[in-house]
Amino acid sequence: MSINIYDAEHEDIKEIHELIKLTSQKSGNADRSPKLYSEANLKQTIISENRHLIVAIVEDKIVGVCQYGIPIMDDCDCEDLRMIQAIFVHPDANFTEIVSALIY
């Protein structure tokens, strides 16, 4: 299986949003995640300087997404404090391989 990792683009938002809704329903977080990761919020993340989205693609389908970035604090030069904020993997995908590719 070949996993390609790319920076998310605006045309990926709808598919990312659907993936997040699907994984949230499977994990029991259906009430929270779609609101936090609405299409409007995903658009903001893509244009943000502090938060980033990358996608894992297998056979032309997004099977994983990772949001990462730096904390936003007024009194901190936090460039060295990048952290993963969320990872979503399609329930039918190989979780370990997708997460490893996204983190690497």
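**Entry 1: the strands.** I began with V58 and looked for its bridge partner in β3, which turned out to be K61. This is a predicted model, so I kept its confidence scores for a later entry. Next I followed the pairing of β2 with β3: the two strands run antiparallel and are joined by 8 bridges. They form a hairpin with 2 residues between them. In that turn I checked E59, and its phi is positive, about 50 degrees.

I then went to the pairing of β3 with β4, which is also antiparallel and has 6 bridges. Here I picked out Y68, whose bridge partner in β4 is I84.

Why is β3 largely enclosed by the rest of the structure? I looked at burial and found that 7 of its 9 residues are buried, so that settles it.

**Entry 2: the cores.** Which residues have the most contacts inside the largest nonpolar core? I noted I16, I20, L42, V55 and V65, in a core of 14 residues. The elements giving two or more residues to this core are α1 (13–27), β2 (51–58), β3 (61–69) and β4 (83–89). The largest share, 4 residues, comes from α1.

**Entry 3: the whole chain.** I stepped back and counted 4 helices and 4 strands. Along the sequence, the pattern is β-α-α-α-β-β-β-α. Of the 104 residues, 36% are buried. The accessible surface comes to about 6,800 Å², and carbon and sulfur atoms account for 48% of it.

For contacts between residues at least 6 apart in sequence, I found that 54% join residues at least 24 apart.

**Entry 4: confidence.** How does the prediction score, and which elements sit at the two ends of the range? The chain averages a pLDDT of 85, with 80% of the residues scoring at least 70. Among the elements, strand β1 (residues 4–7) has the highest mean, 96. Helix α2 (residues 33–36) has the lowest, 62.

Conventions:
Residues are numbered from 1 along each chain as its sequence is written. This is a predicted model: local features need pLDDT of at least 70, side-chain atom pairs count only at pLDDT 80 or more; totals for chains, interfaces and linings use all residues. Side-chain values use heavy atoms; hydrogens and water are left out. A nonpolar core is a set of buried Ala, Val, Leu, Ile, Met, Phe, Trp, Tyr and Cys residues joined through side-chain atoms within 4.5 Å. Buried means under 20% relative accessible area, exposed over 50%, partly exposed in between (1.4 Å probe, protein chains only). Contact means heavy atoms within 4.5 Å. Accessible areas come from the Shrake-Rupley method with a 1.4 Å probe; for residues, only the protein chains shown count as cover. pLDDT is the predictor's confidence in each residue, from 0 to 100. Two strands pair if DSSP finds at least two bridges between them.
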